[in-house]
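Open the model in your viewer and keep the selection tool handy. We will go from the whole chain to a few places inside it.

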Amino acid sequence: MATPRDLVALARERSAAVRRAEADVMVIAYEWAVAHPAREDGADAAVFHSPVGFEPISGDGTPEVNEYAVAELGGALGLSTDAAKKLIGHALELAHRLPKLWARLTAGEVPVWRARLVAEATIHAYPALPAEGVAWIDSQVAPFIEKMGRAAIDRLIERAMKLYGLATAGDDDAPSDTRHVTIVGERDPFAQTMQVHAELDIADALDLEQAVAAGAAGLKAAGCEESLDVRRSLALGELARHQTALDLAGAGAGDSTVERTTARRVDLQLHFTANVEPDGSLSFGATGHLENRQRLVLLEQVRRWVGTSHTDVRILPVVDLNSSLATERYEPTDRLRRQVLLRDETCVFPHCTRPSRRCDVDHVVPFDHDATAEGRPQPGHTVTENLATLCRGHHRLKTHTGWRLDSPANGVFEWTSPHGQRFRRDRHGTTDLTPAAI
């Protein structure tokens with residue numbers, strides 16, 4: 001039996017091996033990027049897409065990478081395509097703009113995650129840091145990176161921006177405006193609450209504080225026995241349903257209720273499991289799906305919503321995910337599209353987690369638009385079993401590259417990459433089918 005000293009020695013040995021392996025993966029990511037350059041015009045360069053445009057995956061002066069090559073490396077590492085882009089971008093940033101830190105990383109002297117923190121900061125600094133600013137950060141960070149955390153790295157970035165004239169008081173491009181409102185939806189799916197984060201102008205924040213306080217007081221006067229924090233959250237919800245804060249602020253001590261003037265819309269996709277009881281009645285499971293956010297919702301909460309006057313509950317038709325729907329047209333019907341979106345839940349490319357409602361519905365076997373006119377059988381019918389949800393990037397990948405998609409069963413998808421990797425994707429996730437000796 002191993003002694004405590006033996007276990008400590010083994011832990012240190014294995015930790016060093018993990019650090020070495022992670023550094024090797026970074027080197028592989030860099031070499032993969034160099035081996036798959038984008039075209040000279042940059043039309044196929046890998047970028048991060050967002051509602052307001054796109055961001056490069058690494059800083060100015062680093063080589064651009066062919067976007068269609070990223071997914072192959074991601075599949076080999078068990079990463080989503082976006083995660084693989086980030087890995088490659090960090091490797092390029094370190095190798096080309098942070099060479100001192102790259103040298104220590106590849107020597108196995110520093111944890112990869114710390115080096116990637118620096119690369120992420122220099123890639124996305126706004127305004128963008130010039131090459132000399134990044135070089136200054138490299139010289140400051142490389143000798144001490146194993147002792148630095150995120151806060152220390154952020155302070156260095158801020159100092160570099162000041163040193164190189166990017167954050168002066170009179171600079172119109174300085175990142176001074178940090179106002180935002182963020183609704184956080186990616187939490188425990190069973191949670192019955194959502195978080196709201198915001199940063200406001202001082203005047204707006206004070207106005208909101210007064211309105212929420214007045215609303216909480218009005219609710220208390222109307223008989224609400226919840227805690228102050230809960231009443232404040234309820235008051236904020238009321239503000240979202242009113243054009244002004246006056247409806248809540250005017251609720252006085254003599255009012256028996258707080259007037260609600262605007263109904264909120266709640267679309268319910270009711271996937272409750274139904275069982276027939278011995279007496280012939282139906283009983284339902286405790287949870288269903290709230291379609292607006294693809295969240296689980298308790299049956300008890302649905303009953304409360306239905307029982308209130310300020311909630312407009314729309315019950316959507318039941319869709320049987322096991323049935324086969326079809327149309328002769330190329331475009332699926334609304335019901336067929338909804339069935340496929342609910343069945344797949346996300347993009348069905350290996351490791352992709354983009355929600356299906358933000359994806360295209362694509363034919364596994366392509367639809368032949370000329371088949372009917374030319375008297376040939378249609379190879380790619382618009383039918384449940386021949387449809388899959390693909391985010392726009394992976395839709396392009398399937399269309400324009402050597403990735404091959406097959407569907408051996410309804411809702412099951414098998415992918416083969418240009419280099420022979422194989423993956424099975426279903427609603428439970430991704431399974432790597434690649435032979436060990438590829």
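This tour starts with the overall fold, then visits a helix contact and some aromatic rings.

This is a predicted model, where local features need pLDDT of at least 70 and side-chain atom pairs count only at pLDDT 80 or more, while totals for chains, interfaces and linings use all residues. Residues are numbered from 1 along each chain as its sequence is written, and side-chain values use heavy atoms, without hydrogens and water.

Colour by secondary structure: the protein has 13 helices and 18 strands (DSSP runs of H or I, at least four residues, and of E, at least two, numbered from the N terminus). Of its 438 residues, 37% are buried (under 20% relative accessible area, 1.4 Å probe, protein chains only).

Now select 67-77 and 81-97, helices H2 and H3: their axes (lines fitted to C-alpha atoms over the stretch in contact, with angles from 0 to 180 degrees between N-to-C directions) come within 8 Å and cross at roughly 100 degrees. That makes H2 roughly perpendicular to H3 (65 to 115 degrees). Show side chains for the contact (heavy atoms within 4.5 Å); among them are Val70 and Leu73 of H2 and Ala84 and Ile88 of H3.

Next, pick Tyr30 and Trp102. Tyr30 sits in H1 and Trp102 in H4, 72 residues apart in sequence. Trp102 is buried at 14%.

Finally, select Phe349, Trp403, Trp415 and Phe423, a cluster linked by ring pairs. Within it, Trp403 and Phe423 are both buried.

Methods
Buried < 20%, exposed > 50% of the residue type's maximum accessible area, 1.4 Å probe, protein only. Parallel < 35°, antiparallel > 145°, perpendicular 65-115°, else oblique. Phe/Tyr/Trp six-rings, centres within 6.5 Å; stacked < 30°, edge-to-face > 60°.
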